[in-house]
Amino acid sequence: MKIEIRGFIVHKKYLDSAQQQQQLSALRKVISQVPLFCPNTPYDKPMSVKMTSAGRYGWFSDRKGYCYIRRHPSGQNWPDIPESILRVWSKLVDVKKKPDCCLINFYGKDARMGMHQDRDEADFSWPVLSISLGDDCLFRMGNSTRGGSTESLWLQSGDVVLMSGDARLKYHGVDRIRFGSSRLLPKGGRINLTLRVVD
């Protein structure tokens, strides 16, 4: 089922259980090479999510600001984006053009993500594609400027959100996690994958 809210295209239950397990297995291999880490914001406060990346670039944050970097903080090159994840991009976005980055965010019980725009990329004509795995999250969608009214939707494991067109630079965030709502991750938590064209 596909629904649209404020320009955000939400594909509910896009990935079935087998596809979710396949992506999780591929992600475990990535994380074994480039472990999850907890970056600081430019305000020198640790983020509540842990993250790592795959692809040509990884997303990073520290006192200097937000940016993309070529290597994991350990110095290790980012692994390739798994084919099972790239297939979602190919089907919903473009077959020929591949994303440069797959940002992997892990949300624990009390993790959240404040309202923000994805605007560290060079070309906003390419969408951001988001895949949810694991526990439910309350996803909030806003406007192209900070503030004003918002709408929220619970995302479940296997849901895919496409942020393109008018929604590409709209503010969005995660208010909370319904911890233990999914059986995909035995110890609970949510994994969010965002695929982006960086250059």
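Me: By class, how many nonpolar, polar and charged residues does the lining of the second largest pocket have?

Reply: First, this is a predicted model: local features need pLDDT of at least 70, side-chain atom pairs count only at pLDDT 80 or more, and totals for chains, interfaces and linings use all residues. Residues are numbered from 1 along each chain as its sequence is written, and side-chain values use heavy atoms, with hydrogens and water left out. Ala, Val, Leu, Ile, Met, Phe, Trp, Tyr, Cys and Pro count as nonpolar, Asp, Glu, Lys and Arg as charged, and the others, Gly among them, as polar. Sorted that way, the lining has eight nonpolar, one polar and two charged residues.

Me: And what volume does the second largest pocket have?

Reply: On a 1 Å grid over the protein atoms alone, a pocket is an open set of points where a 1.4 Å probe fits, with protein on both sides within 12 Å along at least five of seven lines; lining residues have an atom within 4 Å of a point. Grid points are joined across faces, edges and corners, and a volume is the space filled by probe spheres set on the points. For this pocket that comes to about 200 Å³.

Me: Which element gives the most to the lining of the second largest pocket?

Reply: Helices (H or I, at least four residues) and strands (E, at least two) are DSSP runs, numbered from the N terminus. The residues lining this pocket include Leu24, Arg28, Phe106 and Lys187. Helix H1 (17-33) and S6 each give two or more residues. The top giver, with three residues, is H1.

Me: How much space lies in the largest pocket?

Reply: Its lining holds 37 residues, and those nearest its centre are Met47, Tyr66, Met113, Gly114 and His116. Elements giving two or more residues to that lining include strand S5 (65-69) and strand S7 (113-116). By class, the lining splits into 18 nonpolar, eleven polar and eight charged. The space in there is about 750 Å³.

Me: In S11, which residue is the bridge partner of Ile9?

Reply: Two strands pair if DSSP finds at least two bridges between them. Ile9's partner in S11 is Leu162.

Me: Which residues of S11 are buried?

Reply: Buried means under 20% relative accessible area, using a 1.4 Å probe and protein chains only. S11 is covered on both faces. One side has Val160 and Leu162, and the other has Val161 and Met163.

Me: Which strands stand at the edges of the open sheet?

Reply: Four strands form this sheet in the order S7-S12-S9-S10, with antiparallel pairing. Each edge strand has a single partner, so one side of each is left without a neighbour in the sheet. Those edge strands are S7 and strand S10 (151-155).

Me: In S10, which residue is the bridge partner of Cys137?

Reply: Strand S9 (residues 136-141) and S10 run antiparallel, joined by five bridges. Cys137's partner in S10 is Leu155.

Me: Is Ser84 buried or exposed?

Reply: Ser84 sits in helix H2 (residues 83-92). Leaving out residues up to four places away in sequence, Ser84 touches (contact means heavy atoms within 4.5 Å) Gln22, Gln23 and Ala26. What covers the buried residues of H2 includes H1, S6, S8, S11 and S13. With a relative accessible area of 10%, Ser84 is buried.

Definitions and conventions: Buried means under 20% relative accessible area, exposed over 50%, partly exposed in between (1.4 Å probe, protein chains only).
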